[in-house]
Amino acid sequence: YVGGPNYRHFKYDQVSQSKRQVGSTIKPFVYTLAMQEGYSPCYKVPNVSQTFIEKVRSKDGELKDSTWTPKNSGSTKYDGKMVTLKWGLANSVNNISAWLIKQFTPQAVADLIKIMGVKSKIYAVNSIFLGTSEISLYEMVGAYSTFANKGVHVDPLMVIKIEDKNGNVLESFSPQKREAISEQTAYLMINLLEGVINN
């Protein structure tokens with residue numbers, strides 16, 4: 001909330017109401033699915049472009065096959081080489097995220113994102129790993145906290161109790177908790193996310 005416009009003049013909650021495309025901050029969820037399905041941070045994959053075949057409707061209404069090949073934001077000295085998943089996430093490489101989408105499905109990623117506490121509409125499309133869905137900051141904080149909470153999702157809670165001037169508790173609130181991913185998966189994701197900072 002700090003740094004937003006003056007609430008007196010702009011009564012719009014930028015944390016829970018405002019939604020925007022989340023971009024590459026969605027990628028850890030793609031990698032979470034991989035860790036959950038038995039991959040490791042050290043697993044090596046080809047750093048090559050991936051092409052998706054998609055059905056698109058032409059102007060005359062006919063369904064036709066079309067191809068889409070996502071690009072990286074820039075080139076690296078590891079283009080065309082085998083790289084670890086940890087390197088892929090640390091460098092936010094679209095080739096690796098696209099490769100992972102092909103191993104699973106966009107729907108599997110969307111389902112995992114929901115399990116991790118995101119309530120916004122997630123479109124199960126091939127471009128899901130680019131963060132094309134609009135999600136609130138509140139939801140992203142809750143989902144990311146699952147990693148640090150050993151796989152337990154906790155709904156973010158701003159107010160835990162309300163007291164009167166004499167210290168009498170008028171109302172108290174407790175966060176909703178539930179296991180979203182295994183502790184082992186959360187541990188592996190912490191390792192992967194450390195790579196983002198350390199490398």
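How many bridges join strand β3 to strand β4? In this predicted model, six bridges join strand β3 (residues 52-57) to strand β4 (residues 63-68), and the two strands run antiparallel. Strands are DSSP runs of E with at least two residues, helices are runs of H or I with at least four, and both are numbered from the N terminus; two strands pair if DSSP finds at least two bridges between them. Within this pair, F52 stands opposite W68 in β4, and I53 stands opposite T67 in β4. The hairpin of β3 and β4 has five residues between the strands, and G61 takes a positive phi near 90 degrees there.

The chain has a mean pLDDT (the predictor's confidence in each residue, from 0 to 100) of 93, and 98% of its residues reach 70 or more. Among the elements of the chain, the lowest mean pLDDT, 88, belongs to β3, and the highest, 98, to helix α1 (residues 27-36).

L170 lies in strand β9 (residues 169-172). This residue is exposed, because its relative accessible area is 56% (exposed means over 50%, buried under 20%, partly exposed in between, with a 1.4 Å probe and protein chains only). L170 also contributes to a nonpolar surface patch of about 640 Å², together with L157, M158, V159, I160, I162 and F173. Patches are made of residues with over 30% relative accessible area and no salt bridge; like charges are joined within 9 Å, and nonpolar side chains (Val, Leu, Ile, Met, Phe, Trp, Tyr) within 5 Å. A salt bridge is a side-chain nitrogen of Lys or Arg within 4 Å of a carboxyl oxygen of Asp or Glu. Accessible areas come from the Shrake-Rupley method with a 1.4 Å probe, and for residues only the protein chains shown count as cover.

Residues are numbered from 1 along each chain as its sequence is written, and side-chain values use heavy atoms, without hydrogens and water. Local features need pLDDT of at least 70 and side-chain atom pairs count only at pLDDT 80 or more, while totals for chains, interfaces and linings use all residues.
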